[in-house]
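This report describes a sheet, the helices beside it and selected residues. Please consult the sequence and the model shown here while reading.

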Amino acid sequence: MQHLIPNKKMEQHSSSASKQSEADRFTILLVEDNFLNRRMVKKALEKNYIIKEAADAETAAEMLRLGKVHLAIIDIHLGNGKNDGIWLGEQVKQKHDIPFIYLTAFGNGDISQRAISTYPSSYITKPFKEIDLALSIEIALLKYIAVKPVKNNWMLVKDGDYFVKEWLENFEQYIQKNISNLSLSVLSLSLEFAMSESTLLRQLKRLTGLTPLQYMQEIRLNEARQMLENRTYKSVSQVAAKVGYSDARSFSRAFKTRFGKLPTDIV
């Protein structure tokens, strides 16, 4: 197993969950058979989340069945039990309806179709920066609470004149509706949501850890991945255009940076 790259930025990363009491924090199940990797990830996340640990897929499946978990982080190549991380991802998808993130040593298009078909929230390729994992967790949880009321305090917290859930859900839906529009920009979003560009930046940065441009790209690339996996369009160029990229080459570069594989590896 490869080890994670230590990154002190993770400790400085501000998460909404850090403001919650012990009883109100989200619970993450960390499934990793390498003790050192598991300890490093736990140390990085435990200030903001309640961390449960498992070293094999079978133990993790039982923990999911018995205890409340809001998100799972799963190493694909688990070696301690009879089942691998993809098996566990399938269990999460079928039985628990929570987001999960794969940790993988694979890259450059080597992630199997079986892993892709489980629809994880994201893939984190080893070695990685801890801040990337933190942002993936926040995005997955924010999307989760946007459609499912996990905890009442998250649903009722006000941010200016908007409820957090309603604002983020409306913001994401607007981007998805206009995803193919090449003129979609920070300026057009700020006008649509009646706030200055700087206010929009602060609002989104506080909620997701991403800038508006980064958030738009995240939505575009995830939509593109779904289109590619579902064979919605015949070519990469068509998919690129449908998610707002005028240049298929720049789309392919961004896609590989995000998912560790080229769009042509999926089509």
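Threonine 27 touches Ile50, Lys52, Lys68, Val69, His70 and Leu71, leaving aside residues up to four places away in sequence; contact means heavy atoms within 4.5 Å. The model is predicted: local features need pLDDT of at least 70, side-chain atom pairs count only at pLDDT 80 or more, and totals for chains, interfaces and linings use all residues. Residues are numbered from 1 along each chain as its sequence is written, and side-chain values use heavy atoms, with hydrogens and water left out.

Threonine 27 lies in strand β1. Its relative accessibility is 9%, so threonine 27 counts as buried (buried is under 20% relative accessible area, exposed over 50%, partly exposed in between, with a 1.4 Å probe and protein chains only). Helices (H or I, at least four residues) and strands (E, at least two) are DSSP runs, numbered from the N terminus.

**The sheet**

Five strands form an open sheet in the order β2-β1-β3-β4-β5, with parallel pairing; two strands pair if DSSP finds at least two bridges between them. The edge strands, β2 and β5, each pair on one side only. From one strand to the next, the twist averages 20°. Helix α2 (residues 35–45) packs on this sheet and touches β1, β2 and β3, its direction making about 170° with that of β2. Axes are lines fitted to C-alpha atoms, for helices over the stretch in contact, and angles run from 0 to 180 degrees between N-to-C directions.

| Strand | Residues |
|---|---|
| β1 | 27–31 |
| β2 | 50–54 |
| β3 | 71–75 |
| β4 | 100–104 |
| β5 | 122–125 |

Strands β3 and β4 pair in the parallel sense over 4 bridges, and isoleucine 73 has isoleucine 101 of β4 as its bridge partner. In β4, 5 of the 5 residues are buried, so this strand is largely enclosed by the rest of the structure. Phe100, Tyr102 and Thr104 point one way from β4, while Ile101 and Leu103 point the other way. In a regular strand the side chains alternate between the two faces of the sheet.

**The helix pair**

Helix α3 (residues 57–66) and helix α4 (residues 85–96) pack at an angle of about 15°, with their axes 10 Å apart. That makes α3 roughly parallel to α4 (under 35 degrees; over 145 is roughly antiparallel, 65 to 115 roughly perpendicular and the rest oblique). The contact is made by Ala57, Glu58, Ala60, Ala61, Leu64 and Arg65 of α3 and by Trp87, Leu88, Val92 and His96 of α4.
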